[in-house]
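Subject: Structure for you to look at

Hello,

Here is the structure I said I would pass on. Please open it and keep it beside you while you read the rest.

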Amino acid sequence: MIATAFLGFGVWVHHMFATNLPELGKSFFTATSMLIAVPTAVQIFCWIATIWLGVPRFRTAFLFVLGFVVVFVTGGLSGVMIASVPFDTQVHDTYFVVAHFHYVLLGALFPFFGALYYWFPKLTGRMLSERLGKWNFTLFFVGVNVTFFPMHFLGFDGMPRRVYTYIAETGWGRLNLIASIGAVILVSSVLVLLVNIVRSLRRGDRAPDNPWEAETLEWATASPPPCYSFVHIPVVEGRSAVWDR
């Protein structure tokens, strides 16, 4: 993470490759933009190793984690592509850039939703519905890919950003229609999440103190926690002493 943050100071000019910059400067920022993929890839392998060495349970929160890895890697691969000046010059200000950006941006929403499903029981004392949660994940994952994956091809074909309509002769109508259907799927996913939250707050299953059998301190108290946090102060004697004792 530190390496990614440090290299991040030297990648911002890749948004300006189509401007009249010195070629030497472009070369430096191209190299940095490609090099930042190395610590990012190390992070991804760390995430995979964490899952591999654990005992994953395919509940909704974990599904969103897996979805994040897939979507984030896809966005990262197209990011390496537009780090190249000749390629970026061709797709600059097209929907290829829109596709790349939203794969990374919406990829970051997956762990947010996963965290919501994970900590909702501790915050409210109610469990979110797993059935609705899996519908939420499936619709969101499908919606992201149906909406934004076709935009890669639209960008390859030269479809520009920031233009509200196009003539039929461009041949972009079919892929735009697919992307619009994907947007509807995305909206339906969020609606399922809102229904799940309202339903769970009203009549969801009562959450036990530690529904996930986790070892961190927030699960060592009631759900939701009392105003004074702990009835009995937990004694931490090791990495997982909260539940070993």
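Below are the notes on the helix packing, the nonpolar cores and the backbone.

This is a predicted model, in which local features need pLDDT of at least 70 and side-chain atom pairs count only at pLDDT 80 or more, while totals for chains, interfaces and linings use all residues. Residues are numbered from 1 along each chain as its sequence is written, and side-chain values use heavy atoms, with hydrogens and water left out.

Helices are DSSP runs of H or I with at least four residues, numbered from the N terminus. Helix H7 (residues 109-124) packs against H9 at an angle of about 10°, and their axes are 12 Å apart. The axes are lines fitted to C-alpha atoms over the stretch in contact, and angles run from 0 to 180 degrees between N-to-C directions. Angles under 35 degrees count as roughly parallel, so H7 and H9 are roughly parallel to each other. Contact means heavy atoms within 4.5 Å. On the H7 side, the contact is made by Phe113, Leu116, Tyr117, Phe120 and Thr124; on the H9 side, by Leu193, Asn196, Ile197, Ser200 and Leu201.

Next, the cores. A nonpolar core is a set of buried Ala, Val, Leu, Ile, Met, Phe, Trp, Tyr and Cys residues joined through side-chain atoms within 4.5 Å, where buried means under 20% relative accessible area (1.4 Å probe, protein chains only). The largest such core has 29 residues, and those with the most contacts inside it are Phe64, Phe110, Phe140, Val144, Phe148 and Met151. Helix H4 (60-81), helix H6 (95-107), H7, H8 and H9 each supply at least two of its residues. Leaving out residues up to four places away in sequence, Phe64 touches residues including Phe110, Phe113, Tyr117, Phe137 and Phe140. Another core lies apart from this one; it has 5 residues, among them Met127, Ala207, Trp212 and Ala214.

Last, the backbone. Most residues other than glycine have a negative phi, and most peptide bonds are trans. The peptide bond from Ser223 to Pro224 is cis, with omega near -10°. Pro224 lies in the loop between helix H9 (173-203) and helix H10 (241-244). Glu213 is in the loop between H9 and H10 too, and has a positive phi near 55°. Arg162, in the loop between helix H8 (130-156) and H9, has a positive phi of about 60°. Exposed means over 50% relative accessible area; Arg162 is exposed at 65%, and Glu213 is exposed at 64%.

Regards

Terms used. Parallel < 35°, antiparallel > 145°, perpendicular 65-115°, else oblique.
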